[in-house]
Amino acid sequence: MQRPEEFRIPPHSTPCEYVKPALETGNILTEPIGYIESCFSAKNGTPRQPTICSLSRACLRIRKSVFNNPEHSVMGLEQFSHVWVLFVFHKNGHLSCKAKVQPPRLNGTKTGIFSTRSPHRPNAIGLTLAKLDKVEGGAIYLSGIDMINGTPVLDIKPYIADYDSPQDMIEPLDELSLQEGEQKQKDLPHSNQSSSRDGEQTDLHQLKEGIDNRLNAMEGDEATQENCSGIGHRSGRGVRASGSCVPSWVKDSPVTPLEVRFTPHAEMDLERFSSEDDTDVNRTSFKYFRSVKEAKRAITAVLAADPRSVYRRKHCQDRLFYFSMDTAHITCWFGDGFAEVLRIKPTDTAENTVWQCS
């Protein structure tokens with residue numbers, strides 16, 4: 001297909017002269033505003049969604065190459081509780097993708113790529129909703145994240161529930177309903193129409209009040225909070241939607257949560273790590289977790305959601321599973337309906353052990 005005349009780049013011209021046409025066609029070069037410093041060092045064990053592990057933490061520092069004064073760019077951001085993070089799946093390994101994929105929640109069944117959140121997309125761009133813990137200078141501290149260390153971030157935007165949540169939205173009445181209302185008005189006797197004109201302004205005012213009262217009452221109606229109930233609430237402005245809709249495989253996943261166990265050895269290993277208020281220099285300290293108890297809760301949350309790929313579930317059932325969180329390297333295995341943590345070592349010790357055995 002030939003490029004339109006206005007977007008052709010003539011010879012002997014610089015790319016800067018054609019930034020606008022490139023932007024209009026979507027062919028743009030991106031520059032990360034910063035890179036994530038995360039408690040997850042690798043893809044293995046990183047949650048697939050941010051809601052899986054609320055204790056996972058990260059920091060994003062705005063680069064000075066983007067803004068001379070990074071702290072100016074985040075002014076006012078501390079007033080929000082959550083932010084959208086737009087990032088790059090930089091560890092995909094390749095840029096190819098397929099129209100159909102097998103999301104882990106479907107346990108092997110295929111569905112269209114755009115009905116999933118698979119990282120293998122035509123443009124390897126991810127979107128996550130993270131809790132904003134604090135803003136210090138040009139650094140943004142986040143929790144409840146699903147990004148690995150070194151992830152390039154393209155943009156951040158504040159989460160605004162009134163705009164971003166589809167709950168209690170008003171859908172306009174369709175054209176057929178409006179036509180039916182007009183026809184009923186025409187069918188009224190002439191005398192009735194004449195008398196109704198006298199009190200038209202009063203009736204409209206009362207109608208508006210009635211609509212507003214019904215809408216306010218609906219805000220507390222539990223029925224409006226149920227997703228995909230198939231029932232809307234009609235008003236003068238339209239039909240109040242019952243909320244967002246998701247397929248059953250998302251809402252009621254065929255993959256059930258796992259029971260997570262810790263062996264006595266794993267429990268002892270974990271106790272050798274130091275908490276935030278621990279002054280013992282001989283213990284390995286956490287960088288992101290504030291206590292041993294918090295680290296255990298985070299490990300449990302990750303394993304309960306079964307971080308394995310579909311391939312590993314089917315073909316590597318008898319193999320050990322390794323992943324790292326913060327400064328801890330975890331070894332575990334999976335059985336029928338459970339995951340068991342076998343050992344928990346400091347990441348530097350685990351790396352040395354692997355090197356000596358290789």
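How many aromatic pairs does the structure hold? The structure holds seven. Rings of Phe, Tyr and Trp (its six-membered ring) pair if their centres lie within 6.5 Å; planes under 30 degrees apart are stacked, over 60 edge-to-face, the rest tilted.

This is a predicted model: local features need pLDDT of at least 70, side-chain atom pairs count only at pLDDT 80 or more, and totals for chains, interfaces and linings use all residues. Residues are numbered from 1 along each chain as its sequence is written, and side-chain values use heavy atoms, with hydrogens and water left out.

Two of the pairs are listed here.

| Pair | Type | Centre to centre | Between planes |
|---|---|---|---|
| Trp84 and Tyr159 | edge-to-face | 5.8 Å | 65° |
| Phe321 and Phe334 | edge-to-face | 5.6 Å | 80° |

Phe321 lies in strand β15 and Phe334 in strand β16, 13 residues apart. Strands (E, at least two residues) and helices (H or I, at least four) are DSSP runs, numbered from the N terminus. Phe321 is buried, with a relative accessible area of 3%. Phe334 is buried too, at 6%. Trp84 is partly exposed at 25%, as is Tyr159 at 22%. Buried means under 20% relative accessible area, exposed over 50%, partly exposed in between (1.4 Å probe, protein chains only).

The charged end of Arg308 sits over the ring of Phe334, 4.0 Å from its centre. The criterion is NZ of Lys or CZ of Arg within 6 Å of the ring centre and within 35 degrees of the ring normal.

β15 and β16 run antiparallel, joined by five bridges. Met325 has Ala328 of β16 as its bridge partner.

Terms used
Pairing = 2+ DSSP bridges.
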